[in-house]
Amino acid sequence: MVPFARTQIGIRLLATFLCLSLARSVLAFTYVVDANGTYWGVQDAAPPRVDTGSIRATQAGAGNNGAFSTTLNGFGGIMVLVDATPAPRFNGELMRGFGLRFDGVDRFTTTQSVSLGGVTISRSVYVNRGANWTRWLDTFTNTTNAPLTIKVAFGGQSGMGASGGNSSAIVNTSSGDALVTSGDSWVEVATPLSGNTLVGGPQVTVIGSPAPFTGTMTFAGNGLYNTFSNPLTYSGHEGNFQGYVNTLTLPPGGTRSLLHYLVLGPRVTSATSASVRATVEAAASGLAAMPQLAGFTPAEICSIANFDLTSISSSGVDYTACTDPGDVVQPPAPAARAPKTSSIYDVLEKTIGQLRADMESGVTTSQAITRAYLDRIAVYDQGQFGFNSFEYIATDAMAQAEAADAARAAGAKGPLLGIPIAIKNLYDTKDMPTTNGSLTFEGFRPLHDAFQVARLREAGAVLLGKAALEEYATSGNYSNDPWGQVWNAFNPSKSAIASSGGSAVAVAASLAAAALGSQTGDSLYGPASAASLVTLRGTDGLESGSGIMPLSWLTDFGGAMARSVSDLADMLNVVAGTDPDDPTTAPADEHIPADWRSGLDIHALEGKRIGYIPSVWVDPFGTTGTTDAENAALQYLVAAGATIVEMGSTVGGTNTPTAPPDNTTGNTTQEGWMQYIDHHPELAAQGFQIFSAVDVSCSQKKIAYTRADPSACLVAPAPRMTQAEIDAKRAQRVLRQAAAKTWMDTAGADHQGVDAIVYPGLLSDISFNDGGGGRASFGRRDTPGATNGIPTVVFPAGYNDHGQPIDIQLLGRAWDDAKLVGMAYAFEYYANAAGQGHVAASTAPVLTYGQTETIRSGFVRDRRTSTYAQEVTIQNTSPDPIAGPVLLLLDNLSANATLTNRTGIVANAAPTGGPYISVPGTAVGLAPGASVSVALQFSNPTNAAITYSMRVLPGTIVP
Amino acid sequence: MRATFVTACLTGLLILTAHSSAASTLEFKVVVNTTPLIGNPAGPFALDFQLNGAGPNTVAIGGFDFGGGRPLGTAFAFGGATGNLAAGIVLNDTSAFFTELFQQFIPGTSLSFSVSMTTNVTPTPDAFAFSILDDNLFTIPTTGLGDALVLVNITSSALTLSNVQTFRGLNAGAGRNYSNVIAQALPVPEPATLVLVATGVIGAVARRRRPFFLQAERRWMRARRSRSFGSDSPSSANAPRSGDQESL
C-alpha cells in the first residue's frame, strides 16, 4: 500500500471515530443506567417505536456490546381487558402507542393516551437509578356514561426456555411460599445459578398491598396466552411469563391508577446470590410498605388503587386530603380512523387468482383493488395499534393501478397485471426510498430497480410500497424497523418474527396481495410461518439478488411470500429466472418451468417418499403443543399419497448433509457490500458515507441497542475477494448442493432415498414483541436449505394448540423447486379441505364501504306533514369523486317507521329490503371534499324510536 | 314573579336530574317576532316544543314573555313533557322517544323565553325543536327541518350558542304569510348554578305529583270539537287547569 493510501485510510478512520462518538452521544437515549451499572432498555417512542413502556432487556453495557444483567425479555408492559360489548379491537392485548418521551434523565411520560373501549389509558415510567428499581404508574379513565370494569395484567417475560442460563423461575414471594396469591405484595424471579459463572440477577415485582386490602391483585395469570383466565405457570418455558392482574371498576368519568415497581439485582454467582436476593427482597418489602411516590401529583397519588391508605400515608402523604382522581392529567388519545373504505371491492383474504379473475371478468379494476388495500393500510397499519408492516407507501400507487387498467383495456394480460405487491425495503426501487430497515440509509433513492422489482413493474404489478423489516435483516427474531417495529397479524401482542416481518404481515392482514421478502437464515420461513403464508427459499440462483442490499452474500435469497401455493406460482412466473447481472442465476432459465402453474397438481405427492428426521421436531424451549400440531398435519401428506420415511441418525444416516471440505477464503459480507456500493454510485452522490461493510455495521444511526461501540469499529475493512476466491465460494455452494443430493438419495433405513424431507415450521408459541436482547422470540427450525443452497418450500398447516398459525416445510434437491411447489400444492389441497391449511387473521376485519362521512340530525315531528323529519349530511371524504346520483340506503329500518320520501326499495345490494333515496342535487356526483344534505321523512304512527343503519353508494351501483 | 320562581325550580330540577356524566348544560334565550301572527286568519296559534330521541336529556323552558300577548287554554303533553306556558315546561326523553308539549297563546308583538338543556350525546342525537302550530295543529311552514323555528341537535356534550339553529317562516299563501316570523337565539347570563340547584331542591321538596296526561291528545280533540279555543278555560271537565301544573 502506498503511503498516501495509508494516510487516507487513517484520516478516514479517525474522522469516522470522531463522528461516531459524537453521534452516539446524541442518539443513545433509550437506556437508563442505575447504580449497579445496569442499562435498563426502555421501549419508548424512539426507534423502533415499540412504545409499550416495558423493559426490552437489561444489559451490563450499551448497544450490542453489553452482557445481559438479567434474563428480562420484555417486562413491564400492560395488557388491558375492557368488559364492554362489543369488545373493542385489541381488547386484552399489550397496550402501546403512548408516545413515551424520555426526559433525558430517568423518566418517560405519555404524550398521547391510548383509548380502548371507552377507557383512556396512560402510563409513566421512572427509573430510580440510585435504588436500582423502576416504577410504573398506569392510569385509566372511563370516558363513557356507564360504569366499566377492566382487568389489567402487568408483567411480561422474565426469561426464556424451560431450563438453562436464560430461563427464570419464581423463587420467592412476600409470604415466603413462592406461590403467587392476592396475599402477596411482591414476587421474586431468578435465574438458575451456575457456580462461579455470573448469571442474570434477581427480579422482584412489587404488585401492591396484599389481601385483605380490597384493591389487591385479583389473579395471577400465565403471561404467554389467555392471561386473564389461564393461571400462572411455575415451570417450563411458560413459567417465564407472568401477568399480575388487577380488576378495576370505573364509574362514568372515574379515574383509577395502578402502581408497580420492579427491583433488580446485579448479576450473581452461587456465592453472591443469597445476599443479593436478600437486598432486593428488602427493597421490595420497603416499597410495598411505603411506596415511593416522589414526582406524582396529589391527584395521581389519590388515584392509586392497588396500595392501601396506610402504606400511601406512610410515605408522607396525607391521603385524607386527596383531590378528585379525575384531575389526573392524561394527554388526549388520537382519534381512531374510521374503519371505512372508499372501494366497493373487498380484498380481504383474496388470492391473486381471485383478484385477477375479477379484473378479467370486469367485476372490479386494479384501481378499486389498490384503493381497497390503501384504505386498509390507513386503518390497520398506521397509528397507535398499527401493524407497521409498511415503511413507505407508494405515492403513485393509484396511478400505477390506472395504468394497469388501461393496459388491460388495451388487451394486455398477465399473472400480476394490476396486482398490488409489497416490496421488502432492502430491494432497490427507483421511485421509492430503500433503507434496509435502518436510519443509516434514510432517504436513499437508488437510480434503478432491483431485478425482481423491475420484473414486477414490467408485468404491470402495482408496487404498493416498501415493507418494514428487521434492521439490516440481521437476526430473525423481531422486525425492528426504526419507523415502527412490525406486530404480528394473528396475535397482535407478539412478534411478527424477522426479517421479512413486514412483508408477511402485509399479506396476512390483507394489506397487499403478495410480497417480496428475503432470507439469509430464517427470514422467509419464520415470518411466513407466523402468518400462515406460503414461501419458497429457492435453489441458489433461482431468483436474482441484483439490487438487494446484502447481509451474507451468496447465502442471501430474495423470494416471494403469498397467501396460497398458486399465488406463489404466479409470483415465480414473474420474478424467477436468469439475470445477466447475477452470475448465480445463470442456470435458472434451464431449470424453471415455462409456467409454474403447470406443476400445481393435487397428485404431485402420490408415490413420493417424504423423509422425516425425529430430532428436528423438538422445541428448544421444551414445549410440545406446536410440534404436536405440526406432526398431526403430516396426515395430509399421507392423504395426498406420500409415504413418510424415517431418516437421519435414527436409521443410521445423518441429520444434515455431510459438508464437503471447505478451504475457501474471503469475507462475503464485505464483498457483498462492496459489490453493492460499486453498482450504486448514487450512494456517495447522495451523501451517504458508506464505503465498506464496516461503515454499514458501525453506523451510529442504528437502533440504540444494535449500535456498535465506535471503539470496536477502528478496524480496516476486510479486503475485497479475488475472482479466484469468489469462484471458489460459488464452487463450494455447488459442492454443498451435491452433498445434499447424496444425502437425500441414500436416506432411510432402506437407503432408497427420499423425494423431499419434511420439517416443522415454528416449534413453539411466539413471544411478545417488546422483548429482545439477542434471545429467540420463538422455537426456530431452519432447514439445511440456506446453508446448502437448496430449496425449501414453506406452507400453512392450520393452528397449534394455542390458536397460533403453523406452517411445515419441505426440503428438496437443487433445482427441485417446481417439484416442491407441486407437492405443497397437493398438501394445501388436502389440508384446506380439512380446514387445516391457510388460516385467516381476524385482527383486520373487512372495512365498511363508504367514501363518505355521514352526520344525522335528530328527529323533528312535523305536524303539517304528520311525519318525522331528519336531515342526513353526506360528505365525500375520499380522494375520489362519487358517481352520481348518490344513493342513501337505510338498512334494518325499525318496523314502526316507513321512509315516505324514498326512491325505492333495495333489491340487489345486500342487505336488501330497506328503502333508499336518490340524494337530490347529486346527479353529477359528489366531488372530493364536497357535502350534500338530504331531508328524510318517516311515517311513524306509534311514535316509537326510529332506528336504522346507513350506506352510501355511488350511482353506478344498482341498489 | 311566581312564574320566575317556578322556572328556577324547574331549572334546578333539570340540573338535579341530569345524567351524572353530563359535564355541562346549554342555556340560551329565544326571541321570535310574532307580529305577523296578530289577527292572522290561521290562528289561534300554539307554541310547540319537542325533545325526541333516546336520551337521557332534559330541557327546561321558562321565562315566557309574550310581548303583550298571553298563554291560552291548556297545555297538551306527550311522552316526558310536563308544565305549561305560564309555569314553565320540562321535557325529559328518558322514557319516551317522542316528547312534546303544545299550548295555545295570544300573540303579541314578540315572544321570548329561555331554554336550559342537558347535553348527553347519543349515536343518533336527541333533538330539541320549537315550532308554532296553526289552528289546524299544523306546523307553520319554515325554512327549518320539520318546520322548526329553533332546532338543537345534541351532537356534543359541549354545545354552545352556535349550535342553536334558528329559522324563519315561509309564505304559505292564502293570507298565511309567515315570512316575517323570525327566530333568534341569544345568550343568557351564566346562571348561579348553586343557587339554581338549591332552588331546585326546594322545588323538588315542594313538588306535588300529578297524574300523567295519558289522554292528552284525545282531550285536545274534544276541546277542538267544542270550539272552546279563544277562551281561557277548556270546556272539558277532565282537562287540568293550568295552575295545577305549576309546582312541577
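## Disulfides

Both Cys698(A) and Cys713(A) are buried. In this predicted model, the two cysteines form a disulfide with their sulfur atoms 1.9 Å apart. The torsion about the S-S bond of Cys698(A) and Cys713(A) is about -95°, so this disulfide is left-handed. Cys698(A) and Cys713(A) each lie in the loop between helix 16 and helix 17 of chain A, so the pair ties together parts that are 15 residues apart in sequence.

Over all chains the structure holds two disulfides. Another joins Cys302(A) to Cys322(A), with an S to S distance of 2.0 Å. This link is left-handed as well, with -100° about the S-S bond. Cys302(A) lies in helix 3 of chain A and Cys322(A) in the loop between helix 4 and strand 17 of chain A, so the pair ties together parts that are 20 residues apart in sequence. Cys302(A) counts as buried at 10% relative accessibility, whereas Cys322(A), at 28%, counts as partly exposed. Counting bonded cysteines along chain A, the pattern is 1-2, 3-4.

## Helix 14 of chain A

Eight of the 11 residues of helix 14 (residues 668-678) are buried, so the helix is largely enclosed by the rest of the structure. Among the buried residues are Trp673(A), Met674(A), Tyr676(A) and Ile677(A). The buried residues of helix 14 pack against helix 15, helix 16 and helix 17 of chain A.

Asn667(A) caps the N-terminal end of helix 14, with a side-chain oxygen 3.0 Å from the backbone nitrogen of Thr669(A).

## Nonpolar cores

The largest nonpolar core has 179 residues, and those with the most contacts inside it are Ile121(A), Phe140(A), Leu456(A) and Phe827(A). Helix 6 (residues 366-381) of chain A gives the most to this core, with eight residues. Apart from it lies another core of 40 residues, including Phe49(B), Ile89(B), Leu101(B) and Ile154(B).

Note on methods
Residues are numbered from 1 along each chain as its sequence is written. Chains are lettered from A and ligands numbered from 1 in the order in which they are written. This is a predicted model: local features need pLDDT of at least 70, side-chain atom pairs count only at pLDDT 80 or more; totals for chains, interfaces and linings use all residues. Side-chain values use heavy atoms; hydrogens and water are left out. A nonpolar core is a set of buried Ala, Val, Leu, Ile, Met, Phe, Trp, Tyr and Cys residues joined through side-chain atoms within 4.5 Å. Buried means under 20% relative accessible area, exposed over 50%, partly exposed in between (1.4 Å probe, protein chains only). Helices (H or I, at least four residues) and strands (E, at least two) are DSSP runs, numbered from the N terminus. Contact means heavy atoms within 4.5 Å. A polar contact is a pair of N or O atoms within 3.5 Å; within protein, one must be able to donate a hydrogen and the other to accept it, and residues adjacent in sequence count only if both atoms are side-chain atoms. A disulfide is a pair of cysteine sulfur atoms within 2.5 Å.
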